[in-house]
Amino acid sequence: MLKVLSVKIKEALISVLPVTAIVFFLNLTPLVNFSGKEMGVFLISSVFLILGIGLFNLGADMAMTPMGEYIGAGLAKSKKIWLLLAVGFAMGLLITVAEPDLSVLASQVKDVMNGTLLIVSVGIGVGIFLLLSVLKILFRKPLSSLLIFFYMLLFAITSLVVLNGNEFFLPLAFDSGGVTTGPITVPFIMALGVGIALTLGGKNVSENSFGLIAMCSIGPILAVMILGVFVRGDIAYQVPDYHIDNNLGSALGKLILSTAEEVLIAIGLIMAFFFLLQVFCLKLPKKKLGQILVGITYTVLGLVIFLTSVAVGFMPIGYKLGTELASNHPALIVIFGFVIGMVVVLAEPAVHVLNKQVEEITNGTVSKRSMMIALSVGVGISIALSLLRIVLDFSILYYVIPGYFISLGLSFFVPGLYSAIAFDSGGVASGPLTSSFILPFAVGVCCVLQGEDKVMADAFGVVAMVAMTPLITIQLLGFRAVMSRRVREKIAMHRIMKADDEQIIRFL
């Protein structure tokens, strides 16, 4: 076990090191000026972040992924479709309500919208769309057709929000879709899809295994959009206090307790469902249950350490980094956004879960390396474009409408498997580090360049951009694979046609 954990921590070290190195390098230049206390807290947080990611990834392999697969396969084998759909809706709702990622976003917009209303609305959206995702697998419907329909519905509701004069609400709505698919939700929902698809997925098992995250990312956007249609009047946004608390010890203790409570509630809901199904449906042997319990322990420890480290060290540094760069060197903002975006995605714990499952399901056709490169480039572009939007002060609709049209258009030209992986990747890439480091960074930039009153309209939406651009880059990866295969086939056919009869006979 220690050997496996050491491998996971080594992988986490490689992931977190680039972000930490960039911050330390900038501190040595005249670009930014962090205090010794800020850098000390950031360094300690980075060390614990590595430990947290390592423990989480080990726990996900031992517990979260197997649990999802067991539940999906067990319910599918039972042939009780109503039970499968009911569990799908309930799991989607309850897990999302307890998702720490969503709590981070809700805490940052509590002056704009009641946090409980936002979280419950998003949870209902995820529950409904997880139910629809299960139906998609059962009836073997193509993902691209469903995505086109629901995104057209989404854009129709968007027009109602704009006509209602609440365009400032759009970035929050699109961000909610990105943060929902966080470190707890992703391993479980992806594994649930794999379990159902392997049992009932038919011929296209690989393709049907993906797409649940993509569908579950739409539900929260629609839910918050519908709330936006009925919002009336001007809403004032107040920037949260991102500074490191002077009484750090006391604040840290409270933060650890509150984070542990959130994680335990989230994991507890999953475990309660799992053991209920174990008694009535699954009947797994005690050995497997023991392994799952050990894995759950690692998952809880890893998430508490990860989320606490991000809140204590990365959120304040992200905000101050944004304010200092915008104040002293605004011309470098977009370039820095691209660089930091490329490396931040490496530290998202759910990304490693996705990449591992993609490589396993596709039997190495889509490697972890190619996935990570496509995600890094996509997230880097998304952060750069988001910061350019803050600098120039224009609506997020100028990005999301053409961006999603391009994404949906590409789905007609690449294999369905690539489209499903791409739309899943968008939700996975926008994890807790994005909402806790990149979003405060964007808020800091916006406060300096456009003022605090523009934060809601300009700074929010960065998570949505992170969720959107991988849809294009990974589908382009699939398009390149298709074109490469066709070129190889043409070259092979050309050689056969040029060969004489004697060569053909010898070849045969």
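The model is predicted, with local features needing pLDDT of at least 70 and side-chain atom pairs pLDDT 80 or more, while totals for chains, interfaces and linings use all residues. Residues are numbered from 1 along each chain as its sequence is written, and side-chain values use heavy atoms, leaving out hydrogens and water.

Select residues 185–200, helix α8 (helices are DSSP runs of H or I, at least four residues, numbered from the N terminus). Of its 16 residues, 14 are buried (under 20% relative accessible area, 1.4 Å probe, protein chains only).

Next, select α15 (residues 368–392) and α18 (residues 432–449), which pack at about 20° with axes 9 Å apart (axes are lines fitted to C-alpha atoms over the stretch in contact; angles run from 0 to 180 degrees between N-to-C directions). That makes the two helices roughly parallel (under 35 degrees). On the α15 side the contact includes Ile 383 and Leu 387; on the α18 side, Phe 441 and Val 445 are among the residues (contact means heavy atoms within 4.5 Å). This contact has 10 nonpolar, no polar and no charged residues (Ala, Val, Leu, Ile, Met, Phe, Trp, Tyr, Cys and Pro are nonpolar; Asp, Glu, Lys and Arg charged; the others, Gly among them, polar).

Last, select α17 (residues 416–429) and α20 (residues 462–498), whose axes come within 7 Å and cross at roughly 155°. They are therefore roughly antiparallel (over 145 degrees). Residues meeting here include Gly 426 and Gly 427 in α17 and Gly 478 in α20. By class, the contact divides into 12 nonpolar, 6 polar and no charged residues.

Definitions and conventions:
Expected span 1.5 Å × (residues − 1). Buried < 20%, exposed > 50% of the residue type's maximum accessible area, 1.4 Å probe, protein only. Parallel < 35°, antiparallel > 145°, perpendicular 65-115°, else oblique.
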